[in-house]
There are 2 protein chains.
Amino acid sequence: MKSSIKVLLFVTMLTLLASPAFAAKKVRWKLAMTWSSTLTPFASAPIKMAKMVEEMSGGDFTIRVEGSEKHKAALGILDMVKGGQYDIGHSASYYWKGKEMSTVFFCTVPFGMNADEQYAWFYYGGGMELMEETFAKFKVLSFPGGNSGVQMGGWFKKEINSLADLKGLKMRIPGLAGEVFAKLGVNVTNIAPGELYTSLDRGTIDALEWVGPAMDIKMGFHKIAPYYYTGWHEPATELQFIVNKRKYDRLPDNFKAILKAAMKASSMDMYIENFAGSVDAWSKMKSEYPNIKVKQFPLPVLKAMKKAADELYNSYAAKDANFKKVLESQRAYQKKAREWSTISEYNYIKMSNELKQ
Amino acid sequence: MKSSIKVLLFVTMLTLLASPAFAAKKVRWKLAMTWSSTLTPFASAPIKMAKMVEEMSGGDFTIRVEGSEKHKAALGILDMVKGGQYDIGHSASYYWKGKEMSTVFFCTVPFGMNADEQYAWFYYGGGMELMEETFAKFKVLSFPGGNSGVQMGGWFKKEINSLADLKGLKMRIPGLAGEVFAKLGVNVTNIAPGELYTSLDRGTIDALEWVGPAMDIKMGFHKIAPYYYTGWHEPATELQFIVNKRKYDRLPDNFKAILKAAMKASSMDMYIENFAGSVDAWSKMKSEYPNIKVKQFPLPVLKAMKKAADELYNSYAAKDANFKKVLESQRAYQKKAREWSTISEYNYIKMSNELKQ
């Protein structure tokens, strides 16, 4: 080969290597989620998010989404993202209360804010900053990841008319809500999702809570427990994207922006998908099982639940400075925001329903 | 120059020109919005959208946002985007009712759906498809562009106790709501935003509606009209991104994906920004002007308003097939969705407020 051609080839290669296509490293991430891949609409948020990231980056940034059927560690998401086995996760912040109690506030708490109020708190009331501080010790970033809206209070085989009806009642209800019910004498148990229907059917439990019509309908509880209680314990369950901070910091700026926009847009999608799913599922349940009775717990029962919840919060706050800090931030914001929710969204539905009477 | 070096330079240039940086044309778009650049949070949606697009594309796709102070054609957005003077616009679909009556349904209508219900209709109830069909004749694409939530019924100098109090009342209230009020004997006028405060103060008008606390507080109406009526006429005003279809079709796929994600994420942001802004503004108004009275119109007045609205819809539907088609789609979805809204979000606020009593 002539030396001039050799030089030419060498320079051409150098030019190619310096060009953006070679300079921009392809990024391949893996995401682990608490849910199985078919548990929509929870799983829809990370699945749609990954699709958006791939499309927006022209395939240069891809995220492989793995459900619990693959990694077998539904409640190990925070550990796996922290440890770097996964770059990103999708879960719910209240699953980490064993590691850090204040994480419950970035998901939902009994008698807490609804979705509008909580998003306003996150983005305009200091919530995002408190969440960043709280998760810093895990070396991860946390972002809102979709919201269930107000969850239903659960399916009961018998009507609850008084506090006495709660004593000894066997119910599957996890988390803080379970702690509240336990204080009122409920025999709180935890049962694997796959065994819930049979347990309720056979009377191993008398009641259970799951999510809302969109997700409950697949479980079939409405066929065997006619009382469907309205919500009090999970008014706005915010799902969560957890990102390994070191991996995030290494992303080029445009990929950071793509990831953030995709998380936000897919979170909104999931909220709407769940709402629309509940609209359809409730309509179907009600027409196929007209004996389902929607009930609100009696006021004395609700008052006892609220008192028990406040006592719980105050006792955690007394021994945990960060819990106290976030609790106070949420309480103050909720008080202010509820005034506006009541005048606007609440009053509109109230007025519309009065017109039908 | 040696001929080998000439060849080398030539090949290097060819290689560079063929590299992605040169192949990917930079896209420069211009956006016109109905609002002035300072009319937040309406203007926030396109401003944030453009910022996201620029960041996500690494500066290869930029959108210059121009407010009404620049283009002087607040209500000419659809024409300007259709004609190609602007590539994209930000406005509200009900401004085009003079061109196509059914466009009102992609914004908001009196006694219509709230934001949750309307978003569910758009994405899971056939709304996006109906919007695409409706706007096809203008050769533009339309996308949701943020939402005001339930707007307030307006500021009144005197309390409305009966239908008789509406007769001859001079009020600024545009659109379908104005047509409804006109049927009830209200003297409906339109007045430029800059003259509203003075008109209300001097008694040229007795009442007006604007948006809600976040935007009303800057106008100062609460200082001169103590009755703040709850909403009925704009339960979920959806703003709108209008995109020139020919320009959109020419975008590379990744820029299409970037644009769509940015529109969706910035729309959600705007909804939350407005909600949070109203939370703060209402809190401030109420503490500085404790004599403000929040009122719901009396039920007989609301019933007459609802009847007038239904008559209006039916009369438009009788002479406009597309209006009829979209009306029927919304009526059916609203009926179904309202059941779920009532059980979930509405009941939660009702229950929480009962606990305080």
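## Largest cavity

In this predicted model, 16 residues line the largest cavity. Nearest its centre lie A:Asp116, A:Glu345, B:Asn114, B:Asp116 and B:Glu345. The space inside comes to about 190 Å³.

By class, the lining holds 8 nonpolar, 4 polar and 4 charged residues.

## Second largest cavity

Helix 6 (115-124) and helix 12 of chain A each give at least two lining residues, as do helix 6 and helix 12 (253-288) of chain B. The lining divides into 10 nonpolar, 2 polar and 2 charged residues.

The count of cavities of 30 Å³ or more is 5.

## A mixed sheet in chain B

Chain B holds an open sheet of 6 strands. The strand order is 7-6-8-5-9-11, and the pairing is mixed. Strand 7 (187-189) and strand 11 (293-295) of chain B each have a single partner strand, so they stand at the edges with one side lacking a neighbour in the sheet.

For strand 7 of chain B, the partner is strand 6 (residues 170-172) of chain B. The two run parallel, over 3 bridges. In one of the bridges between them, B:Met171 is partnered by B:Val188 of strand 7.

Technical notes:
Residues are numbered from 1 along each chain as its sequence is written. Chains are lettered from A and ligands numbered from 1 in the order in which they are written. This is a predicted model: local features need pLDDT of at least 70, side-chain atom pairs count only at pLDDT 80 or more; totals for chains, interfaces and linings use all residues. Side-chain values use heavy atoms; hydrogens and water are left out. Two strands pair if DSSP finds at least two bridges between them. Helices (H or I, at least four residues) and strands (E, at least two) are DSSP runs, numbered from the N terminus. On a 1 Å grid over the protein atoms alone, a cavity is a set of points where a 1.4 Å probe fits but cannot get out, and a pocket is an open set with protein on both sides within 12 Å along at least five of seven lines; lining residues have an atom within 4 Å of a point. Grid points are joined across faces, edges and corners, and a volume is the space filled by probe spheres set on the points. Ala, Val, Leu, Ile, Met, Phe, Trp, Tyr, Cys and Pro count as nonpolar, Asp, Glu, Lys and Arg as charged, and the others, Gly among them, as polar.
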